[in-house]
Amino acid sequence: MLDRAGPEAISFCADPRHRAGLARTAAGACFVPAALADGVPAGCLALVTPFAQAGYALAAARLHAARRFPTGGPAISQAARLEDDVTVGPGVVVSPGASIGRGTHLAPGAVIGPGVAIGRDCHVGANAVVGFALVGDRVSIYAGAVIGEAGFGAAAGPRGAIDMPQLGRVILQDGVTIGAGSCVDRGAWEDTVVGENTKIDNLVQIAHNARVGRNCLLAAYTGVSGSVVIGDGCVFGGRAGLADHIVIGAGARVAAASGVTRDIPPGESWGGYPARPLDRWMRETATLARLAARKPSSGGSEA
C-alpha cells in the first residue's frame with residue numbers, strides 16, 4: 001500500500017521492515033511511530049503516533065464511511081437495473097445502484113448490496129448475500145454463501161483492538177462456482193479475485209486480498225488466508241489450510257487436511273502438516289509407521 005499510495009492518499013508504516021517502502025511512498029500523509037518519522041520522504045506529512053496502524057484505521061473509517069439508504073423502501077430498488085428475463089424469488093433484496101444481467105436467477109431471500117454488478121445467466125442461491133462485488137457471467141453462488149463481507153483485520157489501539165476498514169471488492173470472473181455456506185471476503189485495499197471457471201466447494205473460506213487463478217478446484221473446508229496468490233489449475237483437497245502471504249504455483253496439488261506454511265513451486269504435489277513434497281511426506285509417514293510397529297526389546301538377560 002505504501003508503494004501504490006498517491007499524493008491524495010493516507011497510508012501507514014508501523015514495521016521497520018517496511019522502511020524502504022516508506023522512503024519511496026508518494027502518499028500525502030503517513031501514520032508512523034516516532035522511530036520511523038525520520039524515514040518519511042519530503043512531501044509526505046508524518047502523522048506520528050505510537051498506534052500507527054490504528055490511526056490509519058480510524059482515519060480510513062471516517063473517510064470511507066459506508067453509504068446509508070433509507071429503510072422502508074421497495075425490496076427491489078427503483079435505482080437498481082435489472083435486464084430482461086431476470087427471475088426474482090420471494091424475499092429478494094436488490095439495493096440501489098445494483099445491476100443484474102439477463103437470464104440471472106435470484107433465489108428466495110438473496111440479498112444484493114448497493115452497487116453490486118452481476119452478469120448474465122448467473123444463479124444466486126437462497127439466502128446468499130453479495131456485496132462490494134463484481135460478478136461475471138455464468139457464475140453460480142449457492143445457498144447461504146456470503147460474498148464481499150469484511151475480511152478479518154485488527155490493529156492495537158489505546159483502548160484495545162480496532163477493526164481495520166476493508167476497502168476493496170470481490171471479483172468473481174466468468175464461470176466461477178461458489179458452494180453453499182462459503183465466504184469470499186472483500187479486499188482490505190486490493191480486490192479479492194477468483195479466476196475464470198474456478199470451482200469452490202461448500203464451506204470454503206477465501207480471505208481478503210487473496211488471488212485465486214483460473215480452473216482451480218477447492219474442496220470443502222479449505223481455508224485460504226489473506227494475500228495468498230494461487231496460480232491457474234491448482235487443486236486442494238478437503239480441509240487444506242494455507243497460511244497468509246504465500247504463493248502456490250500453477251498446477252500445484254495439495255492433499256486433504258494439509259497445512260501449507262510456505263510457497264509451493266508450480267506443478268508439485270504436497271501434503272502433511274507442515275506440508276512438504278508428497279513423496280517425502282509419504283516416506284516419512286511410512287518410516288514412522290514402521291518404527292511404531294517395532295516390538296520393544298526386553299533390554300535384559302536371563303539369570
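Ile76, Leu82 and Val88 form a nonpolar patch on the surface, and together they have about 190 Å² of accessible area. Accessible areas come from the Shrake-Rupley method with a 1.4 Å probe, and for residues only the protein chains shown count as cover. A patch takes residues with over 30% relative accessible area and no salt bridge, joining like charges within 9 Å and nonpolar side chains (Val, Leu, Ile, Met, Phe, Trp, Tyr) within 5 Å; a salt bridge, in turn, is a side-chain nitrogen of Lys or Arg within 4 Å of a carboxyl oxygen of Asp or Glu. Ile76 is found in the loop between helix H2 (52–63) and strand E4 (81–82), and with a relative accessible area of 31% this residue is partly exposed.

The model is predicted: local features need pLDDT of at least 70 and side-chain atom pairs count only at pLDDT 80 or more, while totals for chains, interfaces and linings use all residues. Residues are numbered from 1 along each chain as its sequence is written, and side-chain values use heavy atoms, with hydrogens and water left out.

The secondary structure of the protein comes to 3 helices and 34 strands, these being DSSP runs numbered from the N terminus (helices H or I, at least four residues; strands E, at least two). Along its principal axes the C-alpha trace spans about 95 × 60 × 35 Å. Of the 303 residues, 42% count as buried, where buried means under 20% relative accessible area, exposed over 50%, and partly exposed in between (1.4 Å probe, protein chains only). Among contacts (heavy atoms within 4.5 Å) between residues at least 6 apart in sequence, 17% join residues at least 24 apart.

Tyr221, although not a glycine, has a positive phi of about 70°; Tyr221 lies in the loop between strand E25 (217–218) and strand E26 (223–224), and counts as exposed at 55% relative accessibility. Arg239, also not a glycine, has a positive phi near 65°, and its place is the loop between strand E28 (235–236) and strand E29 (241–242); at 56% relative accessibility, Arg239 counts as exposed. The peptide bond from Tyr273 to Pro274 is cis, with omega near -10°, and Pro274 sits in the loop between strand E33 (269–271) and strand E34 (276–277).
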